[in-house]
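The sequence and structure are shown first.

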Amino acid sequence: MYYYTRMNTEIGEIYIICDDEYLMRIDFNDDFLKIDSKHHRYKHDPDHPICKLVANQMNEYFQGRRSTFAVPYKMTGTDFQMEVWKALGNISYGEVKCYQDIAREINRPLAVRAIGQANRRNPLPIVIPCHRVIGKNKELVGYAGDKIDMKEQLLKLEGVLA
């Protein structure tokens, strides 16, 4: 069973999805409910302890009072994705890196496009800050598919953009 809560934020709706012990996903839409409509594996529970913890920390982040997250999470992905997501987690609040920087950090200098794909599949956006990765020419490219405006808002919140 998975539990979820929905938050309205400055960047739109955020769905926080947890199991009994861990934050599992953060989504920007409710497609996961539509896909699962026959199985009923998701229960809306804003009082679930992990959902509540994440929601509180998200509120603090959007209020400018939190720069890192301290929540138990569990991610699944390929070895490559896990390597990329770990590198993303090391990008500090208010800092940006380009895809090439991440490729170099994980000793895969030719994997720039694959880095972009791993970013796109990041199950914990904001908590694992894929929004802090920008194009080599300092352009805002790729965020959650087509949500560049969200990336811009998050980087403004963090003081990276004016």
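An angle of 65 to 115 degrees between two axes counts as roughly perpendicular. In this predicted model, helix α3 (residues 79–89) packs against helix α5 (residues 112–120) at an angle of about 80°, and their axes lie 9 Å apart. The two helices, α3 and α5, are therefore roughly perpendicular to each other. On the α3 side, the contact is made by Phe80, Gln81, Val84, Trp85 and Leu88, which meet Ala114, Ile115, Ala118 and Asn119 of α5. By class, the residues of this contact comprise seven nonpolar, two polar and no charged.

In soluble globular proteins, nonpolar side chains tend to be buried together. The largest nonpolar core here has 40 residues, of which Ile16, Leu23, Met58, Val84, Leu88 and Ile126 touch the most other members. Elements that contribute two or more residues to this core include the strands β1 (2–9), β2 (12–18) and β3 (23–27), along with the helices α3 and α5. The most is given by α2, with seven residues. Beyond its neighbours within four places in sequence, leucine 23 is in contact with several residues, among them Ile16, Val54, Tyr73 and Val127.

A search of the whole structure finds zero disulfides. The sulfur of cysteine 98 has its closest cysteine sulfur in cysteine 130, at 15 Å, which is too far for a bond. The accessibility of these two residues is as follows.

| Residue | Relative accessibility | Class |
|---|---|---|
| Cysteine 98 | 11% | buried |
| Cysteine 130 | 5% | buried |

Terms used. Residues numbered from 1 in each chain as written. Predicted model: local features only at pLDDT ≥ 70, side-chain atom pairs only at ≥ 80, totals over all residues. Heavy atoms only, no water. Disulfide = S-S within 2.5 Å. Buried < 20%, exposed > 50% of the residue type's maximum accessible area, 1.4 Å probe, protein only. Axes fitted to C-alpha atoms, helices over the stretch in contact; angles between N-to-C directions. Helix = DSSP H or I, 4+ residues; strand = E, 2+ residues; numbered from the N terminus. Parallel < 35°, antiparallel > 145°, perpendicular 65-115°, else oblique. Contact = heavy atoms within 4.5 Å. Nonpolar A, V, L, I, M, F, W, Y, C, P; charged D, E, K, R; others polar. Core = buried A, V, L, I, M, F, W, Y, C linked by side-chain atoms within 4.5 Å.
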